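Colleague: Could you walk me through this one and tell me what stands behind each label you use?

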Amino acid sequence: KAAEAKRLESIKFLRDLLDQGDTTGPRKAEMMLRLADLYFEQGRSIYLREMAAYDVEYEKCFNTDGCNYENMEPDNAKSSNWQEKSIRLYNLILRNYPRYQRADEATFYLGMALQDLGRTLEAVKRFTALVKTYPDSSFVPDAFVNIGEYYFDTNNAYKALLAYKKATNFRESPKYSFALYKLAWCYYNVGEYGKGIEKMK
């Protein structure tokens, strides 16, 4: 609660500064990015609460005779609203400040916000744009993993394999071991069992 109160306070402070219209150029882009990130964090925070409440209701329904738990859906309206705000702001930054030094970060989190809303095809397009436009970005390994996840989940093992393989080029990345694990599964799925076993080892 304290963290959320601080986050909402920061959101109001940045909104007020931006509304004054005194800030321009890179400094304005920096403020917009910070605000978009706060929207994103708030959306994630609310989403966790929404899903916790849904789990309680689902468990209750599951253990109640005659309750149709199979048709239950979580209510993610509030978290989605915050993510929509972040998406609008990330897009605005990339459109108005294409040379902004942290445009790669804006691109990555735009993809993450789209992914959170289930707009996975749009998200993978953003991650693909990131790895092509900003090949030296620190977000590239994570972007390749997210691209791999999209193709893995849509049963395109070959494209998933290519993405995970590129992700494993970044041995210092926190996602390295996960990318290696998923790469092994891709080799298994395309019938390259020897390579799959090698990567698992």
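Modeller: Gladly. Helices (H or I, at least four residues) and strands (E, at least two) are DSSP runs, numbered from the N terminus. This is a predicted model, in which local features need pLDDT of at least 70 and side-chain atom pairs count only at pLDDT 80 or more, while totals for chains, interfaces and linings use all residues. Residues are numbered from 1 along each chain as its sequence is written, and side-chain values use heavy atoms, with hydrogens and water left out.

Colleague: What does the secondary structure of the chain come to?

Modeller: Nine helices and zero strands. The C-alpha atoms fill a box of roughly 60 × 55 × 25 Å along the principal axes.

Colleague: Where is the place of Glu73?

Modeller: Glu73 sits in the loop between α2 and α3 (77-96).

Colleague: Why is Glu73 called exposed?

Modeller: Buried means under 20% relative accessible area, exposed over 50%, and partly exposed in between, with a 1.4 Å probe and protein chains only. Glu73 has a relative accessible area of 66%, so Glu73 is exposed.

Colleague: And why is Met200 partly exposed?

Modeller: Met200, in helix α9, has a relative accessible area of 42%, so the label is partly exposed. For the chain as a whole, 39% of the 201 residues count as buried.

Colleague: What makes the nonpolar patch on the surface?

Modeller: Phe178, Tyr181, Trp185, Tyr188, Tyr193 and Met200 form it, with about 620 Å² of accessible area together. Patch residues have over 30% relative accessible area and no salt bridge; like charges are joined within 9 Å, nonpolar side chains (Val, Leu, Ile, Met, Phe, Trp, Tyr) within 5 Å. A salt bridge is a side-chain nitrogen of Lys or Arg within 4 Å of a carboxyl oxygen of Asp or Glu. Helix α8 gives the most to the patch, with four residues.

Colleague: Why are α2 and α4 called roughly parallel?

Modeller: Angles run from 0 to 180 degrees between N-to-C directions, and axes are lines fitted to C-alpha atoms, for helices over the stretch in contact. Under 35 degrees counts as roughly parallel, over 145 as roughly antiparallel, 65 to 115 as roughly perpendicular and the rest as oblique. Helices α2 (residues 25-62) and α4 (residues 103-116) pack at about 25°, with their axes 11 Å apart, and α2 and α4 are therefore roughly parallel.

Colleague: How do you know that α4 and α5 are roughly antiparallel?

Modeller: Helix α4 and helix α5 (residues 120-133) pack at an angle of about 160°, with their axes 8 Å apart. The pair α4 and α5 is therefore roughly antiparallel.

Definitions and conventions
Accessible areas come from the Shrake-Rupley method with a 1.4 Å probe; for residues, only the protein chains shown count as cover.
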